[in-house]
Amino acid sequence: MSVYLLCLVLFCVGLYCILRKRNVIKIIVGVVIAEYAVNLFLALVAYRFEGRAPIFSPDQKILNMVDALPQALVLTAIVISLATTALLVGIAMRIYEKYGTFDITKIKELKG
Amino acid sequence: MSKEHESGMSVIVKTITRLTVGLIFLFGIYILVHGHVSPGGGFAGGVIIALSFVHLMLAYGKEVSFKKLPRAVVHFFESFGALMFLGIALLGFTSGYFFINFISKGQPFKLFSAGIIPLCNIAISLKVGAGLFAIFLALVLLKFEAEKRK
């Protein structure tokens, strides 16, 4: 149970970073931390105590295996988070090019 | 000092990169071709292969990396991976239905086994590796264009 709460704490760290920080790069880092907290939570939900990955091997019997479905889900989520992070970094670079700053409070001309 | 030492990072970083970049590439290929018998597969192998080129670009600057892998080649491999995956799936119609495993399965737990799955892994790794490197290239070129405009 405590590991799930620690996942929640990690997610809250990411959320704090998104809401409170003013640098665009730090906001992107916060988004990445929140994504990884969710991925870690999904992988932990699937974990069984002393289990191993359900991969068929020639000389080993699998007695206690972890659930493989959330791991496949997390793999897909990692790919999507990679794409969204690349998009966010691209937008941040265009913001820096246009306004010359990463500070979101100094970006005044939001129109046009 | 040859001409390729003028741009990029320091000599220490370049020497270490020259020693390790081939090993990283080889490890990516190992992960890729053993994808059907052990953990790993197309996505992980493709990411490691792309990271070897990213490593090269970070250490040596963009000219050396472009000489090794030009942009047109990256775009070609990215499209070729997707089309190869689709082609393997469509070849299943020759002996039944979409995505049927039409090659002989071979001995289990051997390297040459599992029919079309290693070929699908190779197609996925081409797509993922070229795509990831293309994202990195796009960010680098955006940075250089922004610096040129100033």
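Where does B:F98 lie in chain B?

Modeller: B:F98 lies in the loop between α4 (71–91) and α5 of chain B; helices here are DSSP runs of H or I with at least four residues, and strands runs of E with at least two, numbered from the N terminus. This is a predicted model, in which local features need pLDDT of at least 70 and side-chain atom pairs count only at pLDDT 80 or more, while totals for chains, interfaces and linings use all residues. Residues are numbered from 1 along each chain as its sequence is written, and chains are lettered from A and ligands numbered from 1 in the order in which they are written.

B:F98 counts as exposed because it has 9 C-beta neighbours inside 10 Å; the exposed class ends at 12 such neighbours, the buried class begins at 20, and partly exposed lies in between, with C-beta atoms placed from the backbone. Leaving aside residues up to four places away in sequence, B:F98 touches B:A89, B:G92 and B:F93, a contact being C-beta atoms, placed from the backbone, within 7 Å. B:L86 is twelve residues from B:F98 in sequence, and their C-alpha atoms are 9.8 Å apart.

The crossing of α2(B) past α5(B) is right-handed, meaning that the near helix is turned clockwise from the far one by less than a right angle. Among the residues that meet there are B:G46, B:A50 and B:F53 in α2(B), and B:I124, B:V128 and B:L132 in α5(B). This contact holds twelve nonpolar, six polar and no charged residues; Ala, Val, Leu, Ile, Met, Phe, Trp, Tyr, Cys and Pro count as nonpolar, Asp, Glu, Lys and Arg as charged, and the others, Gly among them, as polar.

In α2(B), 15 of the 19 residues are buried. After α2(B) comes B:G61, with a positive phi near 85°.

Definitions and conventions
Two residues are in contact if their C-beta atoms, placed from the backbone, lie within 7 Å.
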